[in-house]
Amino acid sequence: MILVTGGAGFVGSNLIAGLEARGHRGIAVCDRLGAGARWRNLARRAVGTVFPPERLNGFLDEAGGAVEAVYHIGLHEGGWDVDRMLEANYHAAAALWAWCAANGVRFFWASTAETYGDGSAGFDDDIHEAALARLVPSTARGWAKHLFDRAVARTIAAGSPRPPQWAGLKLFDVYGPNEYHKDEPSLPLMLWRGTAPPGLDPGTRRDLVWIGDCLAVMLWLLDNEEVSGLFNVGTGQSRRIDEIAAAVGAAACREVELPAGATPETPCARYRHSTEARMRRLRSAGYDGAFLTIEDGIAHYVGEFLSRGEAHL
């Protein structure tokens, strides 16, 4: 059995679809569905059980040796409530790490490129504590996930108990199906909807990565038990925001314009720096999969999902 926390979310539900396609059945999902549309991300999945975070400890006590791997993608964070973010992305992750270490269960978690802050310290996925200490996240979510990354670094350096395989994935700007419920979806989806925030600098560069390519990395880790570490997951090639808008327009066969009106207070402040994943460590670990260009990824997204009424996977 595989446990996926945050399984009703964007990344988690895509992961479950990928696991099912490989023959995994009875996947356990820990997440909080709430009153919104998150449940639609699981509507086509034959999951074994779905339960809220407060039942996680009871599930682990009962499941015991039946769990072969845990993917801690995250839990429904309650908007931008920082206390709940901290609980989901640090405390819950630390508890799962300890449980997996004690029970010999493989553990994978989703970190984020938001841990790099404004990018001034670079985008090197070095897990040494000294390297992580140089990073200053610019969002509460990035900070909460960064705290756990640093805790893992200290644990590894101290030689303390760890799961038999462990890997953290610093996901860059991921886009793809099943993100429709998010308050802050990917830039391609916002451009498709015409809801991109004002003040986007056309020259800013972003590393956008197709969700299917992230899924391929996650499944590759499951196939390679000897690989552990902290890894960036991006394309390794940043693209300008005006190029991203052009790709959406080409796929949609209509003109897509960037909104005007930059002010320092607008939500687009998170787009004012450039991101580009350094992919050397993942490649050195043996991953040789290709990553879609934004033109190919966005064309697939629009053609197979967005143009069909924002279809779910």
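I started with the secondary structure and got 10 helices and 11 strands. I'm working from a predicted model here, not an experimental one.

Next I looked up the overall dimensions. For 313 residues I'd expect a radius of gyration near 20 Å from a compact globule, and the protein has 19 Å, so the two agree. I also checked burial: 54% of the 313 residues count as buried. Then I took the contacts with a separation of 6 or more, and 77% of them join residues 24 or more positions apart.

On to helix pairs. I want an angle and a distance for each, since two packed helices are described by the angle between their axes and the distance between the axes.

First pair: H3 (residues 82-103) with H5 (residues 140-158). I get an angle of about 20° and axes 8 Å apart. Angles under 35 degrees count as roughly parallel, so H3 is roughly parallel to H5. I noted the crossing of H3 and H5 as right-handed. On the H3 side, the contact is made by Val82, Met85, Leu86, Asn89, Tyr90, Ala93, Ala94 and Trp97. From H5 I listed several of the partners, including Trp143, Leu147, Phe148, Val152 and Ile156. By class, I sorted the H3 and H5 contact residues into 15 nonpolar, two polar and two charged.

H8 passes H10 in a right-handed crossing. I have Glu243, Ile244, Ala247, Val248, Ala251 and Ala252 from H8 touching Ile294, Glu295, Ile298, Ala299 and Val302 from H10. That contact has nine nonpolar residues, no polar ones and two charged.

Cys253 has phi near 60°, positive although the residue is not glycine. I placed Cys253 in the loop between H8 and helix H9 (280-284). Is Cys253 buried or exposed? Its relative accessibility is 72%, so I count Cys253 as exposed.

Glu310 also has a positive phi, near 55°. I found Glu310 in the segment after H10. Its relative accessible area is 19%, and the cut-off for buried is under 20%, so Glu310 goes down as buried.

Note on methods
Residues are numbered from 1 along each chain as its sequence is written. This is a predicted model: local features need pLDDT of at least 70, side-chain atom pairs count only at pLDDT 80 or more; totals for chains, interfaces and linings use all residues. Side-chain values use heavy atoms; hydrogens and water are left out. Axes are lines fitted to C-alpha atoms, for helices over the stretch in contact, and angles run from 0 to 180 degrees between N-to-C directions. Helices (H or I, at least four residues) and strands (E, at least two) are DSSP runs, numbered from the N terminus. Angles under 35 degrees count as roughly parallel, over 145 as roughly antiparallel, 65 to 115 as roughly perpendicular and the rest as oblique. A crossing is left-handed if the near helix is turned anticlockwise from the far one by less than a right angle, and right-handed if clockwise. Contact means heavy atoms within 4.5 Å. Ala, Val, Leu, Ile, Met, Phe, Trp, Tyr, Cys and Pro count as nonpolar, Asp, Glu, Lys and Arg as charged, and the others, Gly among them, as polar. The radius of gyration is taken over C-alpha atoms; the globule rule is 2.2 Å times the number of residues to the power 0.38. Buried means under 20% relative accessible area, exposed over 50%, partly exposed in between (1.4 Å probe, protein chains only).
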